[in-house]
Amino acid sequence: MEEFISYLFIGLGNGAVYAMLGLGLVVIYRSTGLLNFAQGEMAMFATFIVWTLADSGLPLWLAMFGGMFGGFVIGVVVHQVVVRPVGDPHQKPLAVVIVTIGMFLGFNALAKLIWGADDKTLLNLFGRSGIDIFGTEVAWQKLGALAVLAIEAVIFWMLFQRTKIGLAMRAVASNPESSALCGIPVTRVLMFGWGLATAIGAVAGTFTAPITAVSSNLMQLTLIYAFAAITLGGFDSFVGAIVGGLLVGVLSDVLPRYVDFFEKMPLAPAFILILVVLLVRPEGIFGQRKVSRV
Amino acid sequence: MTSSSPAKSLGARRWVPLIALAAVAVVCLALPQVLSSYWTDTITTWIPLAVAALGLNLLTGYNGQISVGHGALFGVGAYTTALILNEWHWPFLVTVVASAVVCFVAGVVIGLPALRIKGLYLALVTLAVATLFPQILEQFSDTTGGSAGLGITNRELNRRGVMTDRSIRFEPPDLALLSADDAKASSQWRYYIFLLVAAICFLLVRNLVNSRAGRSIIAIRDNETAAEVSGVNVAAAKVFTFGISAALAGIGGSLSALELARVSSGTFTLVLSLNLLVAVVVGGTPSIAGPAIGAVFLGFFTNVITPEFPEDVKPLTPLILGVLLVVLMLAAPGGIVGMYRQLQARLAARRAISQTAISQVP
């Protein structure tokens, strides 16, 4: 039982990170309508910025904010230079997939080129100590990830429900043409969405990095977990990303410990989840059902 | 414009592709005679990539189903060949056919859920497959050898009378036929046999897309609903295409296992899947020659150009490939073949204009 609780909290902590990356994916899906396969690599790139700042002596918290700012700029540039010219993702899915795959390869290689192939270490944001819960030691880092996710959720809720830019983002998501006619600067709103998504990726990266190391492959598995999270929760739902992320985190950490079949393939539960949800209920738990006209 | 002149010019131009094809064939056949054994082995590894890219192009370019996971099917083909050779010692080329069959079945199994999961979402699922595949190999490392790899070996008595695993490779039956040098002869043998297998695959796919079935496959890509009401059995055609495409990836994997005489989980990562996609997009889609051109481009880039780079700028290659993908999609979505076709169309238009001008002179 104690063992289970310890795995549970590790799963929740990791799940919070998947949820963070998932929130970014949802922002992009809602605004631009595409699944950004380069999201993980963009987050990895932003995490390298965090590492560079932390390595130059900045406290990790400040370095993370610096990385978020860097990520924001990257997101804006990527949207303007690459994503906008491609066009509607649902009309030309192949073009969008190829372009995001191209960015995937590009960011991965660029990180190796700038920071070299050696792994870098990033410390825990919440230190190495833990707290006793039901007789098991739970790391502050995992609880910290959950807390940061909660803060992000509140900020997102405030942003989308209580601010003008949030209203504009919701309007653009629901109908870009009408929004443009209402005088909403659609392009600027989309730019902001991409920036926001990449900035939050920097936070996810900062939490992933201490588990492995900062390398160009940092976020590749996390990306698949995050996709599983938003598939389960619904591609266009923020609540879905959070609930989905935590569920995927727990499943992927607990199952491989108890089921021999999953022992060396922790990704398998997430994969099965993606497949089953897309087959049975493509809109996920909280997502909106898509209705298309012929 | 007179009625006879365009027809005449068309007749003359019909020979151009045939001459080009003959020239390419001569170059392909002559290369191993000119190149060293090392370079022959290197270009031999490009052939499996071309065959797998051909399969991906059939699926993505002609049928409109996006797969980011063909590297995994390539891996299934490679492991099928290695395991059959180790367990049952079948003839080499029979294992290629067996891998194709196994991968065809795998493709049909993936193709069935792909009927419901389309576009971006299919790309997502196949991306997950590509990422998961090395973990599956790790999980079943008793059979697959995991990251340590699995050599293709033959258990036999050595000279001292002890049973040992001797590594076996795809070797020519009679060395006298080819070059006198042993290693060179065996390199050339593999090259020519692979080239033959690839040529058969390309010919079959060319005939397929030009057939009635091929027109159905293309109609589905252009408009699934319209194809359905025109009497195309959409589900059957899509699943069939996935199967054939997977079989081609399997043949590619099988050939690569025969060339390297070894398979390991590190080979069949996401990177391989992405490289196949790069080959397809750069070469041009939809087309038959595209995947071959793309595979040669990719091979040339990784095996010829990259080794020239200094050690710390080696990642420049994937960076260039990534940027190239983005630029191609924005500027020339048809890849190299698409650019060639555009150029041809422009020249034809110019000719037509000049001919009209001439014919209008009294």
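Student: What makes K238(B) count as buried?

Tutor: This is a predicted model, so the value is computed from it. K238(B) has 4% relative accessibility. Buried means under 20%. Therefore K238(B) counts as buried.

Student: Why is E224(B) called partly exposed?

Tutor: E224(B) has 25% relative accessibility. The class runs between 20% and 50%. So E224(B) is partly exposed.

Student: How do you know that E224(B) forms a salt bridge with K238(B)?

Tutor: Their closest N and O atoms are 3.2 Å apart. The cut-off is within 4 Å, so the pair qualifies. E224(B) is in helix 11 and K238(B) in helix 12, 14 residues apart.

Student: What makes R190(B) and D41(B) a salt bridge?

Tutor: The N to O distance is 3.6 Å. That meets the 4 Å limit, so the label holds. R190(B) lies in helix 9 and D41(B) in helix 3, so the bridge ties together parts 149 residues apart in sequence. Both R190(B) and D41(B) are buried. Shared partners join D41(B), R190(B) and E259(B) into one network.

Student: Why does S99(B) count as buried?

Tutor: S99(B) has 0% relative accessibility. That is under 20%, so S99(B) is buried. S99(B) is found in helix 6 of chain B. Its contacts include G77(B), T80(B) and S254(B).

Definitions and conventions:
Residues numbered from 1 in each chain as written. Chains lettered and ligands numbered in written order. Predicted model: local features only at pLDDT ≥ 70, side-chain atom pairs only at ≥ 80, totals over all residues. Heavy atoms only, no water. Helix = DSSP H or I, 4+ residues; strand = E, 2+ residues; numbered from the N terminus. Buried < 20%, exposed > 50% of the residue type's maximum accessible area, 1.4 Å probe, protein only. Contact = heavy atoms within 4.5 Å. Salt bridge = Lys/Arg side-chain N within 4 Å of Asp/Glu carboxyl O. Lists of a residue's contacts leave out its neighbours within four places in sequence.
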